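Dear colleague,

I am passing on the structure we spoke about, and below it you will find my notes on what turned up. Please read them with the model open beside you.

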Amino acid sequence: MAFSHYSVLLQETITNLNIKADGVYVDGTLGGGGHALEVAKRLSEGGRLFGIDQDDAALQAAEERLSAYQDRVTLVRSNYCNIREALAQYGVEQVDGIVLDLGVSSYQLDTEERGFSYRFDTKLDMRMDRRQTLTAQTIVNQYTEQELYRIIRDYGEEQFAKNIAKHIVRFREEKQIETTGELNEIIKAAIPAKMRQNGHPSKRTFQAIRIECNRELEVLRDSLDTMIEMLAPEGRLCIITFHSLEDRLVKAAFKRSENPCTCPPEFPVCICGKKPQGRAVTKKPILPTEEELRENSRSKSAKLRVFEKK
């Protein structure tokens, strides 16, 4: 199928980037190129846009979508955690803006064989980068019960995590868990019937396994400070999150960069020497409008936070 991805909070993100026509920008989660296209349109011949994605299908679709602007666009197959190394290849150390649209794309969810969605009965996969060896199938069949419990509890915030982990281990004693359909039935059996009314019973567990498979929170946590460091003065970092785990990491990193001083509060002056990197432009996250929510139900949990370099 064609790579489709509704660009959530598109206008809000582009407005907050404060794009300079001759600036250097990075879309660290390129996807289908929705945000990147709007950035490219606003650049002059002296401007530059780097699009980073680890999904080969995303890069292929973005290349086509951005073809009219190929003179100012460079696509890189990598993870945004490698942003410094990826841009260093092109002699770039500082940028005027970075966009991250986190989570899974509509294309990945809607392409049955990618194994991201509980809506299809297909092979368990969930890899955003199909070059990696770890898959969702490996996780459910080889992780210990305690490891599964921790992942489903922490990354899925699932109240029945312990019972789901127990059911997974019990099932795989008989045979390998190979499909999303089998995993769905296992999860369903582990959750009391009266508790299955609020959304799909597999939603939180599938999210947890996907996050583990792609190291999503680890990558985000380890990249935030680097991205802030790479911003030029008045450069902006715009990050769209889709669940509280991501949002908490972003909020904490912005707060830490805004006020990095580690001196005890009773000290009359700062002696640690840590200086503020800039400011969080958004004290509260920017949320989708009612119109956007009507157009795209998947945007309902989206939050945009923006940081500006000093």
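Met126 sits in the loop that runs between α5 (106-110) and α6 (136-142), and in this predicted model its phi is near 75°, which is a positive value in a residue other than glycine. Met126 counts as buried because its relative accessibility is 0%, where buried means under 20%.

Glu157 has a positive phi as well, near 50°, and again this is a residue other than glycine; Glu157 belongs to the loop between α7 (145-156) and α8 (161-172). With a relative accessible area of 35%, Glu157 is partly exposed.

Turning to the sheet, you will see that 7 strands make up an open sheet of mixed pairing, in the order β3-β2-β1-β4-β5-β7-β6. Its edges are formed by β3 (73-77) and β6 (278-280), each of which pairs on one side only, and from one strand to the next the twist averages 15°.

Helix α3 (residues 56-65), for its part, lies across β2 (48-53) and β3, and runs at about 170° to β3.

Terms used. Residues are numbered from 1 along each chain as its sequence is written. This is a predicted model: local features need pLDDT of at least 70, side-chain atom pairs count only at pLDDT 80 or more; totals for chains, interfaces and linings use all residues. Side-chain values use heavy atoms; hydrogens and water are left out. Two strands pair if DSSP finds at least two bridges between them. Helices (H or I, at least four residues) and strands (E, at least two) are DSSP runs, numbered from the N terminus. Axes are lines fitted to C-alpha atoms, for helices over the stretch in contact, and angles run from 0 to 180 degrees between N-to-C directions. Contact means heavy atoms within 4.5 Å. Buried means under 20% relative accessible area, exposed over 50%, partly exposed in between (1.4 Å probe, protein chains only).
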